[in-house]
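This report describes a protein structure for a reader who is new to the subject. Please keep the sequence and the structure in view while reading.

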Amino acid sequence: MPRDGRVRAVGKLAVGSILGYGVIVVLTPVLTRLYSPANLGEFSAIAAVIGILPPLMTLGYPFGQLSARGIGGALRFGVIALIFAFSFLLVASFGLLVSAPFGMTANILVGALAALLCGVLAVLTSVGINWAIRRHRNTGAAYSTFANLGGRGIFQTAFGVSVGGVTGLLLGEMLGRASAWWIIEKGLLRSTIRAVRRKPRALFRIAVANRNYPLTVTPALTLENLLVWLPAPIFAYFFQPEVGGLIALVQRFASVPLTVANQSLATMFHREAREGIDRASSRLLRYLKLMFVIALVSFLPLYLSLRSFGAPLAEWIFGDARWAGSAFVAATLLPVYLAQFLCLFTDRVLLILDRNLVKLNFLMLNAVLLFSTVAAAKFWGWSWQSALELFALTQTAGFIALFLFSSQMLQDQIITTTGRSET
């Protein structure tokens, strides 16, 4: 794709993400007046399940849509992903219904089934967006991205007025994701059914030939999502739901730059680099250096502002003194989010270089640190604030180590490529 076309494509996806999160940011002060920190803390467990499910349901095959060399190959990867997703839905739903009589409460059953439905909607939307990107229909992908983000905020606000509680948050989540899928669907399910009927063996061969996705990509994505979504429910469990609600609130805002960069710059780079890392490696290295400078320069002023003025500002914006602690949470977790921001492009580097085991090992270490630091802090009788600081320190160190290691691998790739061309 020419550079101008690439810039326009990135711009459309970025605008969709920015506007969608703009709606979330604008409506969050309304949500905090409709829902309590405990509501957000309890809902964070369901949100964590929804965030973790997509790679497990699809076994990572949607990434094949971006890596496939042809449009036909991209469609087949999408079909394989949907087959696994619906199979997972049927098996998991059956398992929940069978186990329900053995001590599972009605609220837990309904929440689990709703989370499964939201997971399928998330898969349908992501597969549809990838398919639109491969066909250079970036406007449709941008509209769907906007609906997926902004729609959830709008519906959660509406149900906060009419229903309230965790139920209102869950209904808003479901309808927001459903609206995003309706925008991007464009006959993808019909194409899936035709492909299954006509060439089931071909789909099976492609799935087996690309088993690196379920074997390495899926575990890494699952761990990555765990690290993003689990802090809120874990702190809610070990301390109190209100603490989980504060972390969940901060996560809503922290997701803005992470999601915008991931759904625009990182995704478009992946598409452009699918024909080989050699051409794109120098450009990506420049991206990595730029991201590092942005993270480094922005940290200190943001941290000092949050620590100095954050608490009264949070109380004023969110309408209640119960939300003042979100300023401390934001300042403490700021280096974690900046480190995750740095790793967005290194994720694509490792995926394209087929070095996902590197990422998997680093994420396994961070996952162990996540559980062990919070559990140890609780065992030692620390406050939730001290536990959060220990968690932030260990997570930041792990992500920065992954960033530096991946950057060095990319530099080695450039040196190797340059040596081959000179020879």
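## Overall architecture

Of the 423 residues in the protein chain, 55% are classed as buried. The model is predicted. The protein chain contains 16 helices and zero strands.

Rolling a probe the size of a water molecule over the atoms shows where empty space is left.

| Pocket | Volume |
|---|---|
| Largest pocket | about 650 Å³ |
| Second largest pocket | about 310 Å³ |

The largest pocket is lined by 26 residues, and those closest to its centre are Val 250, Phe 253, Ala 254, Leu 306 and Ala 330. At least two lining residues come from each of the helices α1 (3-34), α12 (241-272), α13 (277-318) and α14 (326-352). Helix α13 supplies the largest share of this lining, namely 11 residues. Sorted by class, the lining of the largest pocket consists of 22 nonpolar and four polar residues, with no charged residues.

The second largest pocket has 15 lining residues, of which Ile 46, Asn 107, Val 110, Gly 111 and Leu 170 are the closest to its centre. Two or more residues of its lining are given by each of α2 (37-58), α5 (106-134) and α7 (165-184). Helix α5 gives the most to the lining of the second largest pocket, with seven residues. By class, that lining has 12 nonpolar, three polar and no charged residues.

Helix α11, which spans residues 231-238, is mostly covered, since six of its eight residues are buried. The buried residues of α11 are Pro 231, Ala 232, Pro 233, Ile 234, Phe 235 and Ala 236.

Is Gln 251 buried or exposed? Gln 251 belongs to helix α12 and has a relative accessible area of 11%, so it counts as buried, the cut-off being under 20%. Leaving aside residues up to four places away in sequence, Gln 251 touches Val 228 and Tyr 337.

Leu 59 is found in the loop between α2 and α3 (62-67). Although Leu 59 is not a glycine, it has a positive phi of about 55 degrees. With a relative accessible area of 24%, Leu 59 is partly exposed.

## Aromatic pairs

How many aromatic pairs does the structure hold? The structure holds 11 aromatic pairs. One of them joins Phe 77 and Tyr 213 in an edge-to-face arrangement, with 5.9 Å from centre to centre and 70 degrees between the planes. Phe 77 lies in helix α4 (residues 71-99) and Tyr 213 in helix α10 (residues 212-229), so this pair ties together parts that are 136 residues apart in sequence. Phe 77 counts as buried, at 8% relative accessibility, and Tyr 213 is also buried, with a relative accessible area of 7%. Phe 77 and Tyr 213 belong to one aromatic cluster that also includes Tyr 61 and Phe 84.

Technical notes:
Residues are numbered from 1 along each chain as its sequence is written. This is a predicted model: local features need pLDDT of at least 70, side-chain atom pairs count only at pLDDT 80 or more; totals for chains, interfaces and linings use all residues. Side-chain values use heavy atoms; hydrogens and water are left out. Helices (H or I, at least four residues) and strands (E, at least two) are DSSP runs, numbered from the N terminus. Buried means under 20% relative accessible area, exposed over 50%, partly exposed in between (1.4 Å probe, protein chains only). On a 1 Å grid over the protein atoms alone, a cavity is a set of points where a 1.4 Å probe fits but cannot get out, and a pocket is an open set with protein on both sides within 12 Å along at least five of seven lines; lining residues have an atom within 4 Å of a point. Grid points are joined across faces, edges and corners, and a volume is the space filled by probe spheres set on the points. Ala, Val, Leu, Ile, Met, Phe, Trp, Tyr, Cys and Pro count as nonpolar, Asp, Glu, Lys and Arg as charged, and the others, Gly among them, as polar. Contact means heavy atoms within 4.5 Å. Rings of Phe, Tyr and Trp (its six-membered ring) pair if their centres lie within 6.5 Å; planes under 30 degrees apart count as stacked, over 60 as edge-to-face and the rest as tilted.
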